[in-house]
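Me: I have a model to go through with you. Please set each value against its definition.

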Amino acid sequence: MRAIWSGVISFGMVTVPVKMYGATEEKRVGFHQVHAADGGRVRQKRVCELDGEEVPLSDVAKGYQLPDGDVVVLTGEDLEGLPEAIAKTISVESFVPEEQIDPIMYSKSYYLAPDKLGVRPYALLRDAMDSSGRVAVVRFAMRERESLAALRVRDGVLVLETMLWSDEIREPDFDFLGKDAKAEPKAAELKMAELLIDSLSSDFHPEDYHDTYREALEEVIEAKVAGREVVTPPAPAEGGAQVIDLMAALKASVEAAKRTRGAGEEEAEPAKKTAKATAAAKKTAAAKKSSSSSSSSSSSSSASKSSATPKRAAKGARAAAKTTDRHSASTRKKPATKSTSTRRSA
């Protein structure tokens, strides 16, 4: 584990150097927003809703909106005069019975491990708290914010439980809790419910419970991977999205269209030659047939010539057709490569 905070526990005249580690982690399948067509990441930008311009992080300030819609803008200079909590110090306020702290106040858990020079005072505080059956209510500052927390012992390790402030806990204000609400159960119903609770009572073993939704979702993803149903998005250009000059983009599009049209005309040229040769052959054959009706002697000669001419034209047409077939075949023999890879979220 990697330490996320370091400081000292201070109670009375004793200080204990410690390091803080995250005690919990959420086991969930993470997703990115992507373009369904090509798998490219969909990014979000900081855009001002008034002028539509993207705002750099250096120009972003804190804003407090008033009930009438006006906004109070606070800059770094406005926040400099605020009182600061004692940095790098977990200050013990008091030791209280653990059952007096409502679990609803707990927010997040952290392990505290001793520094190399703080092993003995750490063990002293841990053992003293464990024997007393009390937890320490402390204050400390992290991420520019003062927090309330409870310090308790778990499996030989001090655990820091961050807590909500009392005014952050909502009061349960519901109609069914009113005096006039008719929600009192009957004695027989209450006894039957107690019997049901007794029949379902057991010791709690956390390992007996699993996140069935996450496990099923992982199976779906693994099945997609096994079937190679994955998308490899092209690598984004260095520096991310860039603003492109409109005129330059238009010129580039025109040049690309010209190249595409020129390539299409080159592919169509052999077919045009074939069509011209066939038309010429038909025209020659018709002329020879017309002249054969004028004389029988010239008819045989014209017939031989007319029969020879279409053969040469047809031969030329077949040669042109072969050239076209070779050209289109060479185009078809270049399959588009498609690479696949598995992308899993962080």
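Predicted model: local features only at pLDDT ≥ 70, side-chain atom pairs only at ≥ 80, totals over all residues.

Me: What makes α2 a helix, and how does its reach compare with the span expected?

Reply: A helix is a DSSP run of H or I with at least four residues; a strand is a run of E with at least two; both are numbered from the N terminus. α2 has 14 residues, 119-132. The expected span is 1.5 Å times one less than the number of residues. α2 reaches 20 Å from first C-alpha to last, close to the 20 Å expected.

Me: Which residues of α2 are called buried, and why are they on the same side?

Reply: Buried means under 20% relative accessible area, exposed over 50%, partly exposed in between (1.4 Å probe, protein chains only). Y122, L125 and M129 are the buried ones. They share a side of α2 because they cover an arc of only 70 degrees, taken from the directions from the helix axis to the C-beta atoms. On the other side, R120, L124, D130 and S131 are exposed.

Me: How do you know that L151 touches L125 and M129?

Reply: Contact means heavy atoms within 4.5 Å. Among the residues L151 touches are L125, M129 and I9, not counting residues up to four places away in sequence.

Notes:
Residues numbered from 1 in each chain as written. Heavy atoms only, no water.
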